[in-house]
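Let's take a friendly walk through a protein model. Have a look at the sequence and structure first, and then we will visit a few places together.

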Amino acid sequence: MKFSFARTAFLLVYLLQFLHLAVSALSNLERRADLERRAVPSSAYVQLDYYTYTNGVFSGQIYIKNVAYSKIVTLYYSTSAGVWNVAGNSILASYSAAISGTSYEYWVFSATITSGGISQFYIKYDVSGNSYYDNNSSNNYKVTTTATSTSTTTSTTTATSTPLPWAQRTIYQILTDRFAKSTDSTAGCSDFSNYCGGTYQVTKDIMGNLRLFRDSQKCHFHPDTRTYTFHLWPPKRYWATDFYNLNTHFGSAADLKALVAAAHNIGMYVMLDVVANHAGPTSSGYSGYTFASSSFYHPNNCTMSDSNQNSLEQCWIAGSLPDIDTENASNVNILNDIVHTWVTAYGFDGIRIDTFKHIRKDFWPGYLSAAGVFATAEVYSGDSSYVGPYQQYAQSIINYPLYYPLLRGFGAKQTLTQLKTQIAANKAAFTNTALLTNFVNNHDNPRFLNTYNDLSLFKNALTFTLLAEGIPIVYYGDEQAYAGGADPGCREPLWTSGYPTTSEMYLFVQKVITKARKTLATDTYMDLWVNDRIFAFRRGKGLVVLSNYGLGSGTTQTMYLSSQFTEGQPLVDIFTSQTITVSSGYVTVTISNGMPLIFV
Ligand code: ABC
Ligand code: CA
């Protein structure tokens with residue numbers, strides 16, 4: 001009740017936005033009435049209606065089947081020279097209007113093609129973890145520069161690749177300030193609570209490391225360059241003041257654009273970390289802040305409690321981060337504009353949304369729609385029944401509910417059956433568990449190896465996130481067995497490691513990704529045989545056997561796998577070449593030194 005006025009105001013603005021879009025779509029139809037148009041489809045998920053390409057402006061309309069609230073519609077195109085730049089040459093379409101009496105919506109797109117021209121395109125529609133395409137019955141749409149026909153062929157080049165869906169990617173999370181410097185200095189950092197010197201500079205630093213991903217011999221984990229995602233640290237530790245400008249400590253807008261372009265050139269997506277909940281701490285007012293007066297914030301007169309949702313949404317985090325008044329319609333519009341501006345100006349492919357549980361749920365649809373890209377949201381809680389409903393507001397949620405059983409099961413060597421229990425609880429609580437982002441480490445918690453100093457246990461936990469259902473997040477430094485403690489201890493500079501590509505963990509992560517994640521992750525996950533010490537599951541045609549024995553321990557175990565694997569067909573472990581065969585549904589495996597086994 002307290003916010004009914006503010007909410008009404010917010011809804012009105014929202015409706016006006018829709019109205020505006022609907023109107024512009026109508027005038028488009030009038031102007032282009034001469035164009036060949038297609039009927040509303042009867043069953044296709046995505047279908048081009050029409051397009052035009054005149055004076056460098058490429059625009060048109062698409063039919064989209066309305067099957068869930070969160071949708072991403074993207075056009076991918078090749079240049080006049082027939083070059084498909086994977087993630088680079090893409091245009092996001094946006095919702096225009098519902099088509100009454102049908103389950104379809106109009107989506108529209110418009111972009112100025114500044115250089116390179118356009119020869120072909122196809123449309124991709126991501127919804128509820130599935131991807132649907134309209135590629136003109138595998139012919140792509142061949143673009144002509146006259147606005148009178150959609151069928152004249154100007155090029156015979158065909159698409160060579162389509163971007164890998166998010167569900168099959170592996171996210172590599174970095175902190176810009178800690179990942180790579182602009183010089184080759186490997187000097188450490190004396191104060192982890194302050195700047196350590198990392199930048200966006202593509203030519204020297206991050207690009208140097210991006211090259212590690214690209215060169216197949218020296219590749220950072222994976223020669224297939226389409227699997228990586230960068231996760232950039234936002235301006236000043238989630239403490240933005242001016243939300244429209246970069247933190248100059250990390251470099252210029254040009255540096256960041258060059259980084260995104262370099263990533264896109266090798267098929268890598270870039271995910272931006274965004275905050276809508278709060279600004280940076282202040283002791284002297286709001287001069288220089290985007291939200292420049294105390295009236296734009298909730299009053300700092302309460303303390304958060306997890307048992308009081310209203311307090312989570314309106315009190316200040318840690319009593320010090322000014323909580324933006326997201327009940328104020330003007331603030332809401334500005335926040336939507338901020339995320340839209342960043343995504344479109346830099347071409348980010350996805351976002352991580354910070355502090356998701358700290359803003360009322362009905363704020364999020366407008367924000368997600370303004371962002372227009374894939375989002376994974378941080379709802380910091382281990383309680384799946386609390387976290388689950390948030391997936392109605394973002395396609396993906398960071399899997400905190402699985403994080404705690406993962407630590408207890410693999411780290412503290414408590415029973416591994418609790419992982420199975422949590423997976424079942426997640427299935428019941430979330431709408432799509434395949435899109436949850438799984439992690440062992442992140443920037444807010446002591447690293448696994450800090451609490452549990454056992455490399456075998458860490459390998460098992462990490463393998464679980466890489467191969468069980470969901471999208472894995474490898475936190476930078478995992479590959480170098482970093483063991484930093486609580487924030488800021490877990491935010492070590494990576495350059496002090498020298499980025500070795502022959503270290504034990506590096507080779508381990510590289511092998512799991514190249515030999516298993518890449519080939520098996522497109523297929524089904526199923527837990528098969530679980531007890532206190534062993535967790536065996538199927539991923540695609542692979543059998544993954546994890547345990548919490550740890551270094552210096554092991555066992556030989558016979559397990560019943562039912563008919564999930566072909567009888568008599570040898571399965572070989574990617575690490576040791578141990579070979580097993582299924583007989584009458586049983587296999588016998590030997591776990592040595594607590595190491596994971598991945599049979600393919
Ligand atoms: C600094 C110091 C910390 C100090 C803190 C008060 O101040 O470094 O040592 O404890 C940023 C900076 C931090 C900084 C904070 C505060 O701001 O990065 O260095 O900490 O100034 C996001 C980001 C995070 C970021 C912020 C804020 C938000 O990932 O890096 O921090 O900009 C809450 C929020 C969550 C937030 C997290 C840090 O704090 O919800 O969005 N993360 C309980 C609560 C959670 C709470 C969590 C940690 O504790 O329910 O709401 O997260 O404090 C499970 C339960 C959970 C429970 C956990 C601990 O146990 O199910 O509910 O979580 O079993
Ligand atoms: Ca809030």
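A polar contact is a pair of N or O atoms within 3.5 Å. Keep that in mind as you explore this model, which is predicted.

Which residues are closest to ligand 1? They are D306, H358, E378, D444 and D487, among the 20 residues that surround this ligand. G382 brings a polar backbone atom 2.8 Å from an oxygen atom of ligand 1. Side chains take part too: R491 has a polar side-chain atom 3.1 Å from an oxygen atom of the ligand, and for Y404 the distance is 3.5 Å. On its own, ligand 1 has 1100 Å² of accessible area, and the protein covers 63% of it.

## The calcium ion

Now find ligand 2, a calcium ion.

Are N277 and D323 buried or exposed? Both are buried.

## Helix α4

Helix α4 covers residues 253-265, which makes 13 residues. From first C-alpha to last, α4 reaches 18 Å, close to the 18 Å expected at 1.5 Å a residue.

The buried residues of α4 are D255, L256, L259, V260, A262, A263 and H264. Just after the helix, G267 takes a positive phi of about 80°.

Note on methods. Residues are numbered from 1 along each chain as its sequence is written. Chains are lettered from A and ligands numbered from 1 in the order in which they are written. This is a predicted model: local features need pLDDT of at least 70, side-chain atom pairs count only at pLDDT 80 or more; totals for chains, interfaces and linings use all residues. Side-chain values use heavy atoms; hydrogens and water are left out. Helices (H or I, at least four residues) and strands (E, at least two) are DSSP runs, numbered from the N terminus. The expected span of a helix is 1.5 Å times one less than its number of residues. Buried means under 20% relative accessible area, exposed over 50%, partly exposed in between (1.4 Å probe, protein chains only). Donors are N, O and S atoms within 2.8 Å of the metal (3.2 Å for Na, K and Ca); water is not among the atoms, so sites may look incomplete. A residue is near a molecule or strand if one of its heavy atoms lies within 4 Å of it. A polar contact is a pair of N or O atoms within 3.5 Å; within protein, one must be able to donate a hydrogen and the other to accept it, and residues adjacent in sequence count only if both atoms are side-chain atoms. Accessible areas come from the Shrake-Rupley method with a 1.4 Å probe; for residues, only the protein chains shown count as cover.
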